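Could you take me on a tour of this model in my viewer? Tell me what to select at each stop and what I will find there.

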Amino acid sequence: MTDIQSSLTEACRKLAEISDSAELDAEVLLCHILNKPRSHLRAWPEKQLQTEQLEQFFQLIRQRRQGIPIAYITGNREFWSRDFKVTPEVLIPRPDTELLIELSLELLHSISKPRIIDLGTGSGIIAITLAAERPDIEVLATDLSPTALAIARQNAEIHQIANIEFIHSCWFNNVPPSKFDLIISNPPYIAANDPHLSEGDVRFEPSSALVAEDQGLNDIRNITDNARRYLHKNGSLLIEHGYDQQTEVQAIFKAFDYINIKTHQDLSGNPRVTTAQWNAE
Ligand SMILES: C[S@@+](CC[C@H](N)C(=O)[O-])C[C@H]1O[C@@H](n2cnc3c(N)ncnc32)[C@H](O)[C@@H]1O
């Protein structure tokens, strides 16, 4: 038998070589096995673990040592204070994406019964969060990946969200002609030759969720072009992009005649989301 504290110390030692957050990783994995909050570990450091719990814990530590992201090991990740099911078929939700939620809620503030699209919904975090925060909203969520759509539907069910229609579509291809107040997307935007793709968690995420042609800008250009047919006059387009793509993304928005083009910074101070309005019928 071994207690919580000495198991954590041993796990940290094993993880220190591969993770910058060894202590946190070990705690999250042990909480996952014990099905307890992190406060439990602090309150009961001397509590003995059962042999089976120890075996399961060090099995997860072995997976983490192979580099597998914590969210794929535990099968969940928090976003905007809600818990979302996550599998290796979908992008792991990022805190940066909460900026899209903040900006969307601000823009939706003065619109009653808004209609919005979330393009490339993945695990469904954007569509579900906005639908939960604004129960009067009508949301259309699309993805090219049927597996991602299945996970997004499961997340909508878990959160008991009914006001989202999920559509299998390459961007707007299967979206029937109609007008929306907001079009939101966190599309793939990493260039195929970006060295970050071979580092950390990103190595395990689906490249279809990460990589876009033309230095990462191809999907952003496609969405920005086609969104014009789907936006109400004064409707807004919001796109998340790479920290170093502000100039290129603003140029794309300008080339397609959007107005009020602004780029907003994420929590780390990086330019992360560009927004604009469509000024014609
Ligand atoms: C960066 S991930 C974003 C996932 C989720 N919205 C989030 O913020 O965590 C991009 C998503 O776009 C989807 N995608 C990629 N190409 C697409 C396409 N041509 N049409 C629709 N969705 C696409 C991917 O399957 C993936 O789920």
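Start by selecting strand β8 (residues 180–185) and strand β9 (residues 231–240), which pair in the parallel sense over 5 bridges. Strands here are DSSP runs of E with at least two residues, helices are runs of H or I with at least four, both numbered from the N terminus, and two strands pair if DSSP finds at least two bridges between them. Click on L182 and then on S236, its bridge partner in β9.

A word on the model: it is predicted, with pLDDT of at least 70 needed for local features and 80 or more for side-chain atom pairs, while totals for chains, interfaces and linings use all residues. Residues are numbered from 1 along each chain as its sequence is written, and side-chain values use heavy atoms, leaving out hydrogens and water.

Now widen the selection to the open sheet of 7 strands, whose order is β7-β6-β5-β8-β9-β11-β10, with mixed pairing. At the edges stand β7 (164–168) and β10 (259–265); each has a single partner strand, so one side of each lacks a neighbour in the sheet. On average, neighbouring strands of this sheet are turned by 15° against each other, direction ignored (axes are lines fitted to C-alpha atoms, for helices over the stretch in contact, and angles run from 0 to 180 degrees between N-to-C directions).

Next, go to β10 and strand β11 (residues 271–277), an antiparallel pair with 5 bridges. Here K262 has T275 in β11 as its bridge partner. The two strands form a hairpin with 5 residues between them, and G269 in the turn has a positive phi of about 85°.

For the last stop, select V28, C31, H32, N35, K36, I70, A71, T74, N76, R77, E78 and D83, the lining of the second largest pocket. (A pocket is an open set of points on a 1 Å grid over the protein atoms alone where a 1.4 Å probe fits, with protein on both sides within 12 Å along at least five of seven lines; lining residues have an atom within 4 Å of a point.) At least two lining residues come from each of α2 (22–34), α5 (70–74) and β3 (76–79).
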